[in-house]
Amino acid sequence: MGRYTEVYSLDKNIYKKACPILIVGGRLLKDNHNNQILGQVKLKNIVAEQIKAIFINIATYDVLHNQIDASIEYQYLDLQLQRDDACGEQTAIYFTDQRIREIDVKIQKVVFADGKIWEDDSGETTKLHDCTPLNEDLQDELVQQYQRECQSAYGSNSDSCALREYEDYWICTCGAMNWKEEKSCHKCGKSKDWIKFHLDETLLRDNLEEYNTEMEKRRVEQERIQAEQKVEKEKLTKKRNKIIAITSVAAAFIFVVFVVYQSVQFQEYNKLSKGIDKYVNTFSKKVGYDCEDEEWSDIISDPYSFEDRNLIKDKYNLLNQKGAVYALTDDDGSEYSNIYTVTWIPDDMLSDDKISEIKKIVMKKYGDTEKKSDYSLEDYTSLNRDNADLYSWDIEVDKNTKCVLNLVIHRESGEVQLQIVNYDYIETIKDENESGSDYDSDYDSDYDSDSYSY
Ligand SMILES: [Zn+2]
């Protein structure tokens, strides 16, 4: 048990016609320490004027409603009570008689800030009417519609009381009490006429219907937007997946193409490389030697046609192209034994790409070289060609033999030939030095960065 026990409570909202004060409530408490009785009364200013003092009269009774002594007067002083302000709730009024179990409170005098005084006219007190819930008059959906209209017009949507008019006051839908002569609610500002008009059930129903239609429209619109966004999102996802798929396929395709390309290039390279090896091997050991006729017979197309000391083989496939192999002999006019040069001349002009490819292969096989410009082709061949490019490589065939492989490119006439020239090993070195031919090891060609590093 706490220190205080409530032993009596007053009725709520005790109102007296024309009285500026409403007795909101009151109670008697017993102090459990000393059994003293004390009272608390809550008072509210319900008029527009400010109040500075309230005099009340308290009649006291015992538990059997027998009045005890004369009534007690209590003064609330130094107040600044505006309309709807309350006082007294925390003020304890001590009674000397511990038998008191019931009180009756009357407002005796009210002093306004301007000095005017209201005095009790001994009229009857009644209970101020409470707020009647608005949904006693209207369906909930119509109450909500009314609240939306209040929100729209007055910025507040919490009105939940029915409009009620009594003899000298009316209760606003916001719950405030207003005097009969007040046309608008002193608290929320709504005029009584506006409230009456907007509480009309037919109007509320029409407005509610309009509202629901609008809401349905918005809902449909919202759904449409969401559906659109969903479709858009799906499109984006599909597009992204497609890009990923395409990118993957493209990457895989490029990889395959690269591998196939590398493989084709490798095969092509090998083929060309082997062709050059075969050409060198076929002729190098016969050229420059005192060979017997028989040693040439297997590669000379027609011994009789060789009598003109020129054509060895009319069909010889080199560098994937058909061509003919020609021979040069020395001055004494003898036949096979003095062939010192063979030359392959392709039937069709070699493309620049093919020449570049051949150069790469031969450079790789026999080392770097540079174009020799200052020379007479007649040193190497009887086929007189001016303005031709000559690339030369020394090739060691065996311990005693060295060949010179020449690539002669004669672009002006559209002809390109590949010839092989053979000298005695020692003499070759001597002759090369005397003729001023040299190698430039610093020669920088695309060869260095080629991809044939197998
Ligand atoms: Zn109001």
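Trainee: Which residue in E14 stands opposite isoleucine 171?

Mentor: Methionine 177 does. We're looking at a predicted model, where local features need pLDDT of at least 70, side-chain atom pairs count only at pLDDT 80 or more, and totals for chains, interfaces and linings use all residues. Residues are numbered from 1 along each chain as its sequence is written.

Trainee: What makes E13 and E14 a pair, and in which sense do they pair?

Mentor: Two strands pair if DSSP finds at least two bridges between them. Strand E13 (residues 169–171) and E14 have three bridges, and the sense is antiparallel. That pair belongs to an open sheet of three strands in the order E12-E13-E14, with antiparallel pairing. Strand E12 (164–165) and strand E14 (177–179) are its edge strands, since each pairs on one side only.

Trainee: How many helices and strands are there in the protein chain?

Mentor: Six helices and 20 strands. Both are DSSP runs numbered from the N terminus: helices are H or I with at least four residues, strands are E with at least two.

Trainee: OK, the four-stranded sheet next. What is its strand order?

Mentor: The order is E6-E5-E9-E10, again an open sheet with antiparallel pairing.

Trainee: Why do E6 and E10 stand at the edges?

Mentor: Each has a single partner strand, so E6 and strand E10 (117–119) are both left with one side that has no neighbour in the sheet. Ignoring direction, neighbouring strands of this sheet are turned by 25° against each other on average. As for E5 and E6, they run antiparallel and five bridges join them; isoleucine 58 stands opposite isoleucine 72 in E6.

Trainee: Why are H3 and H5 called roughly perpendicular?

Mentor: Start with the angle: helix H3 (residues 201–284) and helix H5 (residues 352–366) have axes that come within 10 Å and cross at roughly 65°. Now the cut-offs: under 35 degrees is roughly parallel, over 145 roughly antiparallel, 65 to 115 roughly perpendicular, and the rest oblique. H3 and H5 are therefore roughly perpendicular to each other. The crossing is right-handed. From H3, Tyr269, Leu272, Ser273 and Ile276 make the contact, and from H5 it's Glu357, Ile358, Ile361 and Val362 (contact: C-beta atoms, placed from the backbone, within 7 Å).

Trainee: How does that contact of H3 with H5 divide by class?

Mentor: Six nonpolar residues, one polar and one charged. The classes are Ala, Val, Leu, Ile, Met, Phe, Trp, Tyr, Cys and Pro as nonpolar, Asp, Glu, Lys and Arg as charged, and the others, Gly among them, as polar.

Trainee: And what makes H1 roughly perpendicular to H3?

Mentor: Helix H1 (residues 140–154) packs on H3 at an angle of about 80°, with the axes 9 Å apart. That angle makes H1 roughly perpendicular to H3. The H1 residues in the contact are Glu141, Leu142, Gln145, Tyr146, Arg148 and Glu149, and H3 brings Glu201, Leu204, Arg205, Asn207, Leu208 and Tyr211. By class, that contact has five nonpolar, two polar and five charged residues.

Trainee: Why is glutamate 209 called exposed?

Mentor: A residue is buried if 20 or more other C-beta atoms lie within 10 Å of its own, exposed if 12 or fewer, and partly exposed in between. Glutamate 209 has 11 other C-beta atoms within 10 Å, so it's exposed. This residue sits in helix H3. Glutamate 209 and glutamine 145 are 64 residues apart in sequence, yet 9.7 Å apart in space, C-alpha to C-alpha.

Technical notes:
Axes fitted to C-alpha atoms, helices over the stretch in contact; angles between N-to-C directions. Left-handed = near helix turned anticlockwise from the far one by under 90°. Contact = placed C-beta atoms within 7 Å.
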